[in-house]
Amino acid sequence: MDCRIGVPKIEDNAISLVLTDPPYFLDGMDSNWDTEKLKSRVKDGVIGSLPVGMKFSTQQGQELHKFLRPMAKEWIRVLRPGGFCLVFSQNRLVHRTAIALEDAGFEIRDIMVWRYEGQAKAFTQEHFVRKRKISEQEKKRLIHKLGGRKTPQLKPQGEMIVLAQAPREGTFVDNWDKWKTGLIDVQNPLVNPDQFPGTVIPVKKTRERYGHMTAKPVYLLQHLIRIFSAPKALVLDPFAGSGSTGVAAKREGRNFIGYEIEHEMAQSAQERIEDTL
C-alpha cells in the first residue's frame, strides 16, 4: 500500500517511533520509484552513466520537501507526544528533510551520521578532454592545467539521519509517565556498547540487500530502536522496502507496522519479518 493512503488510517497517538528511509529524490529515486527500472540503470553507484548524485538540480530539494511535508504532518499526528521521528537523508538534501519535518511541527533535536566506508566516485576530466576535436597540443595543455582534478565528490563516509521529536506533554517525567516516549535509553547501546551513544554511528554497509537498492543494516536499525523507543512500543516505517526496520523491531521486542508500495517487495518483506526469530 502507498503510505500516503495507509498512514492516514492510523489512529492519533498510536505510534511510539517513526524510523524510515524515504526516497532521496535523486535521479529516478523519487515518488515514482520503480525498482526494476532503477536496477537496469544502476551499476556500482552509477545512474544513467553519471555517478549517483551528479545529476544535480536545485529542483530535487524542492520536490523532496513538497513530497515529505504532508507526510510529516501525518507522522506527527500518529506519534505519541514526545515520540521520536528518525529519517535517513541524502547528505546534500538533509536540510530539506529537516525543514519538512519542522514545518509539520516537529522539533529538530539533532543530526546523526551513519558512518561507513564508501567508494570514491569522483570523475577525472582527462577522458572528456581527449574526446574533444582539438589538437593534441591543446589537449596536453588542458590536461596539464587540470592537474588531475576531479568532479566535486568526496569519498562518501556516512549518511545523515534527522532526529526529530514530537512536542511533549508537560515535563519529560510527566510525558514518559503517560506515554513512555520522549526519553532515550543509553544503558545498553548495540553499537560501541562500552561508550555513551553518540551522533556518529559506525556500522558497516550490509552486503545482503534482499532485492532493495538502499537497504540499511539491521544492526544499525536495532541500535536506533533500542535507544529511541521502549520495549513493546509500536514502530512505524512508511517506506518499509525490504523490511529491515520490521526485522530490527522484532529482534528488539517491539511491534511494527510498515508500508511498501511495490507488491513483490512488500510480500518479500512480510515473509522476511515473519521468519525473524
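Q: Which residues form one aromatic cluster?
A: Phe88, Trp114 and Tyr116 do. Bear in mind that this is a predicted model, where local features need pLDDT of at least 70, side-chain atom pairs count only at pLDDT 80 or more, and totals for chains, interfaces and linings use all residues. Residues are numbered from 1 along each chain as its sequence is written, and side-chain values use heavy atoms, with hydrogens and water left out.

Q: How many aromatic pairs does a search of the whole structure find?
A: It finds 4. Rings of Phe, Tyr and Trp (its six-membered ring) pair if their centres lie within 6.5 Å; planes under 30 degrees apart are stacked, over 60 edge-to-face, the rest tilted. One of the pairs is Phe88 with Trp114, edge-to-face at 6.4 Å centre to centre and 85° between the planes.

Q: Which parts does that pair tie together?
A: Phe88 is in strand E5 (residues 79-89) and Trp114 in strand E6 (residues 107-115), so the pair links parts 26 residues apart in sequence. Strands here are DSSP runs of E, at least two residues, numbered from the N terminus.

Q: And Trp114 with Tyr116, what's the geometry?
A: That pair is tilted, 4.7 Å centre to centre with 55° between the planes.

Q: Is Trp114 buried or exposed?
A: Buried, at 2% relative accessibility; the cut-off is under 20% relative accessible area, with a 1.4 Å probe and protein chains only. Tyr116 is buried as well, and Phe88 is buried with a relative accessible area of 2%.

Q: Switching to charges: which residue lies over the face of Phe88?
A: Lys216, at 5.3 Å from the ring centre. To count, NZ of Lys or CZ of Arg must be within 6 Å of the ring centre and within 35 degrees of the ring normal. Arg168 also lies over a ring face, that of Phe172, at 3.8 Å from the ring centre.

Note on methods:
Helix = DSSP H or I, 4+ residues; strand = E, 2+ residues; numbered from the N terminus. Buried < 20%, exposed > 50% of the residue type's maximum accessible area, 1.4 Å probe, protein only.
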